[in-house]
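The following exercises are to be worked with the sequence and the coordinates at hand. Each task is followed by a solution in steps.

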Amino acid sequence: MNRFRDTGHLLRFAALFFIAFAVFLVIRHFVVPKTFGEYGHYRGAAIAEIAARPVHFAGHQTCETCHADVLAIKAPGKHANVNCEACHGPLAKHADDPSITPPKLDTAVLCIRCHAASAAKPKGFPQVDAEQHAGGIPCETCHQPHNPAIAGGTK
Amino acid sequence: MLPAAAIAWKYVLAGTPEESPNYKMSDHWWSMLIDIPKCIGCGNCVRACAAENDVPEGHFRTWVERYHVTDYDMTNPEVISPDGGKEGFPAVQEDAGKYFFVPKMCNHCADSPCTQVCPVGATFVTPDGVVLVDQTYCLGCAYCVQACPYGCRYIHPEKRVADKCTLCYHRINKGLTTACVENCPTGARQLCDLKNPNDPIHAFLKTHHVQVLKPQMATGAKVFYNELDGSVR
């Protein structure tokens, strides 16, 4: 006597289940990105995409490859460790193509950003009340920005 | 690509081209040191970050807060951050109480609450310890914005996806430092690599009073603050 005589309905159900599972696998293959799970529960390729974003600040190492003369002026002064682009702004475009000239800087605005007197600043940091100190004369009249001590020479 | 080339060239000139940066994620574990006594509140970091990363107006990946702690109310400091400190701070004449500046940014937590709540795996900690957002995958549900105990995330007003500090990932993997560190005139910020045994951070952490923000939240924050005042929240 065939004990599996009435199992047709079970086989049909199993076939249906496998078809659904196969459809799930096919959809999953197309929907889940290739690199998902490469490093963890995220799309691994995202790391490389973020790493490829454009650089705007070239970095002082880049500036120093051409502007060694300025580096020599800065080295003995108080501004030796202030990187070029902290004042000159983002210049990666200039570094890529030196014919693109950086914008002219206004020392009246630039110096005050750091050196405006305020009781909130650390006490050891050199601060001036620009109006009292120079009466509106541009800073670079007396101070060479790359080596700002008066002994460092005027521009 | 020039900045990366310039750095590689330095090693070529020194006769050791094999030491030029060839980035391997497993060799790094990035963090940041912020030296409070050195910060002058000039806002250079905030401007640099905005220029480097096209940060939308009115949102900040890094910002500077000025604390004013008075003798009679140590637990309720007055905190200001006009436009994130982007254009500096109003001058102070009188010297009552204590003033100091606290630059803030993503803490790139090792156990970050923001990555744990993302329902789609759009935000994650990279193998080198940087918390990033996959903006092509993000739904913009802002769960992570709520989850960050430091308030370091925002929804990008045009892209409608989560945005945050990437620790200038596109720079550090080329051997450059972050835009905020590059532009800090007083060296109040330092990028540190905890996996590099020669990084000065190790000696610094041994010999200074260094804290992280909200240690009670057990986020594994990796932005270290030197001489942080107890009133900072």
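**Exercise 1: A cysteine in chain A**

Cys111(A) is found in helix α7 of chain A. The model is a predicted one.

Task: Determine whether Cys111(A) is buried or exposed, and locate the buried residues of helix α7 of chain A.

Solution.
- Step 1. A residue is classed as buried if 20 or more other C-beta atoms lie within 10 Å of its own.
- Step 2. Cys111(A) has 21 other C-beta atoms within 10 Å and is therefore buried.
- Step 3. In α7, which spans residues 107–115 of chain A, the buried residues are Cys111(A), Cys114(A) and His115(A).
- Step 4. These residues lie on the same side of α7(A), because they cover an arc of only 85° around the axis.

**Exercise 2: Distances within chain A**

Task: State how far apart Cys111(A) and Phe17(A) are in sequence and in space, and what distance separates the centres of domain 1 and domain 2 of chain A.

Solution.
- Step 1. Between Cys111(A) and Phe17(A) there are 94 residues of sequence separation and 74 Å from C-alpha to C-alpha.
- Step 2. The domain assignment divides chain A into domain 1 (10–51), domain 2 (57–102) and domain 3 (104–155).
- Step 3. Taken over C-alpha atoms, the centres of domain 1 and domain 2 of chain A are separated by 49 Å.

**Exercise 3: The side of chain B that touches chain A**

Task: Describe the contact between the two chains by residue count, contributing elements and composition.

Solution.
- Step 1. Contact involves 41 residues of chain B and 38 residues of chain A.
- Step 2. On the chain B side, two or more residues each come from α1 (2–13), α2 (44–53), α5 (169–172) and α6 (179–183) of chain B.
- Step 3. The largest share, 6 residues, is that of α1(B).
- Step 4. By class, this side of chain B holds 22 nonpolar, 11 polar and 8 charged residues.

**Exercise 4: Core and sheet in chain B**

Task: Identify the residues that touch the most other members of the largest nonpolar core, and trace the strand order of the open sheet of chain B.

Solution.
- Step 1. The core has 68 residues, and those touching the most other members include Leu167(B) and Ile172(B).
- Step 2. Strand β4 (residues 98–105) of chain B supplies the largest share of this core, 5 residues.
- Step 3. Beyond its neighbours within four places in sequence, Leu167(B) contacts Trp30(B), His108(B), Val130(B), Ile172(B) and Thr178(B).
- Step 4. The open sheet has 4 strands with mixed pairing, in the order β9-β1-β11-β10 (chain B).
- Step 5. Its edge strands, β9 (189–193) and β10 (210–211) of chain B, each pair on one side only.
- Step 6. β10(B) runs antiparallel to β11 (residues 223–226) of chain B, joined by 2 bridges; Gln211(B) has Tyr225(B) in β11(B) as its bridge partner.

Notes
Residues numbered from 1 in each chain as written. Chains lettered and ligands numbered in written order. Predicted model: local features only at pLDDT ≥ 70, side-chain atom pairs only at ≥ 80, totals over all residues. Buried ≥ 20, exposed ≤ 12 C-beta atoms within 10 Å, placed from the backbone. Arc of directions from axis to C-beta. Domains from an automatic or database assignment. Contact = placed C-beta atoms within 7 Å. Nonpolar A, V, L, I, M, F, W, Y, C, P; charged D, E, K, R; others polar. Core = buried A, V, L, I, M, F, W, Y, C linked by C-beta atoms within 7 Å. Pairing = 2+ DSSP bridges.
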